[in-house]
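Please look over the chain below before reading my points. They go from the whole fold down to single residues.

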Amino acid sequence: MRTVYVNGEYLPETEAKVSIFDRGFLMADGVYEVTSVLDGKLIDFDGHAIRLSRSLNELQMRNPISKEDLLEVHRELVRVNEIDEGLIYLQITRGSDGDRDFAFPDAETTEPTIVLFTQSKPGLADSPAAKKGAKIISIEDIRWGRRDIKTVQLLYPSMGKMMAKKAGCDDAWMVEDGFVTEGTSNNAYIVMGNKIITRALSNDILHGITRAAVLRFAKEAQMVVEERNFTIEEAQQADEAFTTSASAFVMPVVEIDGIVLGDGTPGKVAPRLREIYLDEMRKAAI
């Protein structure tokens, strides 16, 4: 049985409770972060903490915990749940004032809700899926316009995952106005020659913490990075494709809408970036 964290308390998961009037439940009025754990240490905690603060600020939501205390909670959950490789999910909502209303409750008198829980994922770094590569489909991107805020509004991405599963694939890339925005839970990339191409940061996509690290490592390795829009058709003609996320790191893509990339196996760039990322982030883990 896991130990979880709810509003300042460490509890057995079976005893964790949140109000039915919580705005995260009623309105999806909340944000979240996912931090990976490797070798019992946190990967890129600072990046996730900074993005959390940004998401809260964009939604005019009060942060109920300091960065220092948040780090301590993460470490304690890793310790008590004996996590060697896995994930820590953090969710903060606007809380509950005891009823339902579209208008925000008074931030001075309504405490935000904060919840953290772990997932043990043995073999997270040495994933068989990363050696095989992912098959993806494309779907229309019909999400709201502020995808840069990491909110708990995940219904459409969940539907996208199920569309991919129904098609016998692993994931979906979303397309808006003819161009790929991102995956259902990851940022998307193609490789043309020696150039890595990915959509530039804007309100249209999540500002991925893993994305930032991978692109930094790519540039340090003398790889060329071009931030621009690209189409599914261009991706199908690419030498390689891949995604990045906190839960899957760097994941090669080997098929897009039924078109096989290269020989249908991961190329050279994505596996090398995954190797560099895991090596460097392990060194910097806290």
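1. Start with the contacts in this predicted model. Take contacts in the protein chain between residues at least 6 apart in sequence: 72% of them join residues at least 24 apart.

2. The protein chain has 8 helices and 15 strands. Its radius of gyration is 19 Å, close to the 19 Å that the globule rule gives for 286 residues, so the chain is as compact as a globular protein of that length. Along the principal axes, the C-alpha atoms fill a box of roughly 55 × 40 × 35 Å.

3. Of the 286 residues, 50% count as buried. The accessible surface comes to about 13,800 Å². Carbon and sulfur atoms account for 51% of that surface.

4. Charges. There are 34 positive and 46 negative side chains in the protein chain. The centres of the two sets lie 3 Å apart.

5. Which residues have the most contacts inside the largest nonpolar core? They are L38, I196, F242, L273 and Y277, in a core of 29 residues. At least two core residues come from each of β3 (30–38), β10 (187–192), α6 (209–220), β14 (249–256) and α8 (269–284). Helix α8 gives the most, with 7 residues.

6. Now zoom in on I196. Set aside residues up to four places away in sequence. I196 then touches Y189, I190 and V191, as well as A218. Its partners also include M223, V224, V225 and E226. F242, V269 and L273 are on the list too.

7. Is T35 buried or exposed? T35 is found in strand β3. The cut-off for buried is under 20% relative accessible area. T35 has 2% relative accessibility, so T35 counts as buried.

8. Compare D279, which lies in helix α8. D279 has 39% relative accessibility, so D279 counts as partly exposed. D279 and N63 are 216 residues apart along the chain. Their C-alpha atoms are separated by 32 Å.

Definitions and conventions. Residues numbered from 1 in each chain as written. Predicted model: local features only at pLDDT ≥ 70, side-chain atom pairs only at ≥ 80, totals over all residues. Heavy atoms only, no water. Helix = DSSP H or I, 4+ residues; strand = E, 2+ residues; numbered from the N terminus. Rg over C-alpha atoms; globule rule 2.2 N^0.38 Å. Buried < 20%, exposed > 50% of the residue type's maximum accessible area, 1.4 Å probe, protein only. Contact = heavy atoms within 4.5 Å. Areas by Shrake-Rupley, 256 points an atom, 1.4 Å probe, with all protein chains shown as cover. Lys, Arg positive; Asp, Glu negative; His and termini not counted. Charge placed at Lys NZ, Arg CZ, Asp CG, Glu CD. Core = buried A, V, L, I, M, F, W, Y, C linked by side-chain atoms within 4.5 Å.
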